[in-house]
Amino acid sequence: MNTRMIKTLLAIWEREMYEYMNNLHVNALRLAVEPMLFIFIFGMGLGNRVDMGNVSYIDFLAPGILFMVVTNNSYMTISMRLMIARDWDKTLVNALTAPVKPFEIVLGYILAGITQALAASAIFIFLMSFILGISFGCIPFLVLFIIAIAAFFSSLGVAIAMWLDNPHHLMVVTSLVVMPMSFFCGIFIPVTDLPEWIQPVINIIPLTKAVQGARAIALGINDPYLLQNLIYIIIFTIMVFLVSIYIFKKKIII
């Protein structure tokens, strides 16, 4: 990685982080209120009626909600920002007039998505630890899963935003593809409680591996597949990243 590439990545990252920080009051309110609603409604409300054995439902739920936060602050933020940059404020067109490669633009957006997901995760973990005393286990190892899944959803956000031409279609894809992952990938209920015919499909989704890994770390469960799941997410992320670059080139470069 040469000096020019680093400056390019930092310029794109800085642009996206400037927009993020410029609306920090809105983002902070959303980051604090939205996940806490899920924790209080499901974890402390319905959770009293859920039997998880030796683990309280709120301790089971918290690692899953953490990765819902990661998804929202990587996929949704980056996909919408990229569509705006392409169709409204034209900053993407301006970037392409400079000696910048598509690979660098895509990577810059993904780095911004990872940064925002890490910031959101830090706020959520702090609130859960401070208010409810929930432990998330080995934070450094947990951060690796956060970075990996944030990179995956940021790459997915780039691919989908560049593939679609209408923001309404983006909302449809989000509602029908991304949002259901929150309900089927083990965030609210164990994957083993789902119908057997759908479990193999759910288990290949990277978010499922991330939630299982985070839950094992937070609850101190000895999971022999922890590192294997992390590597699986990274490999899947690289594949989606390459697809996002391909779609970006097809849509932007004439």
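The legends below describe close-up views of a predicted model. Local features are given at pLDDT of at least 70 and side-chain atom pairs only at pLDDT 80 or more, while totals for chains, interfaces and linings use all residues. Residues are numbered from 1 along each chain as its sequence is written, and side-chain values use heavy atoms, with hydrogens and water left out.

**View 1. Helix α6 beside helix α9.** Helix α6 covers residues 139-163 and helix α9 covers residues 206-219; helices here are DSSP runs (H or I, at least four residues), numbered from the N terminus. The axes of the two helices come within 10 Å and cross at roughly 165°, which makes α6 roughly antiparallel to α9. Axes are lines fitted to C-alpha atoms over the stretch in contact, and angles run from 0 to 180 degrees between N-to-C directions; those under 35 degrees count as roughly parallel, over 145 as roughly antiparallel, 65 to 115 as roughly perpendicular and the rest as oblique. The crossing of α6 and α9 is left-handed, a term used when the near helix is turned anticlockwise from the far one by less than a right angle, with right-handed used if clockwise. From α6, Phe141, Leu142, Phe145, Ile149, Phe152 and Phe153 are in contact (heavy atoms within 4.5 Å) with Pro206, Leu207, Lys209, Ala210, Gly213, Ala214 and Ile217 of α9. The residues of this contact comprise eleven nonpolar, one polar and one charged, where Ala, Val, Leu, Ile, Met, Phe, Trp, Tyr, Cys and Pro count as nonpolar, Asp, Glu, Lys and Arg as charged, and the others, Gly among them, as polar.

**View 2. Helix α6 beside helix α10.** The axes of α6 and helix α10, residues 226-252, come within 8 Å and cross at roughly 25°, which makes α6 roughly parallel to α10. Their crossing is left-handed, and the contact of α6 with α10 has 22 nonpolar, four polar and one charged residues.

**View 3. Helix α1 beside helix α5.** With axes 8 Å apart, α1 and α5 pack at an angle of about 45°, and the two helices are therefore oblique to each other. In this pair, α1 passes α5 in a right-handed crossing. The residues of α1 that meet α5 include Leu9, Ile12, Trp13 and Glu16, and among their counterparts in α5 are Phe103, Ile105, Leu107 and Tyr109. By class, the contact of α1 with α5 has twelve nonpolar, four polar and three charged residues.

**View 4. The salt bridge of Glu16 and Arg81.** A search of the whole structure finds one salt bridge, defined as a side-chain nitrogen of Lys or Arg within 4 Å of a carboxyl oxygen of Asp or Glu. Its partners are Glu16 and Arg81, whose closest N and O atoms are 2.9 Å apart. Glu16 lies in helix α1 (residues 3-22) and Arg81 in helix α3 (residues 57-87), so the pair ties together parts that are 65 residues apart in sequence. Glu16 counts as buried at 3% relative accessibility, and Arg81 counts as buried at 13%; buried means under 20% relative accessible area, exposed over 50% and partly exposed in between (1.4 Å probe, protein chains only).

**View 5. Lys101 in a loop.** Lys101 is placed in the loop between α4 (91-97) and α5 (102-132), and this residue is partly exposed, with a relative accessible area of 49%. Although Lys101 and Lys249 are 148 residues apart along the chain, their C-alpha atoms are separated by 9.6 Å.
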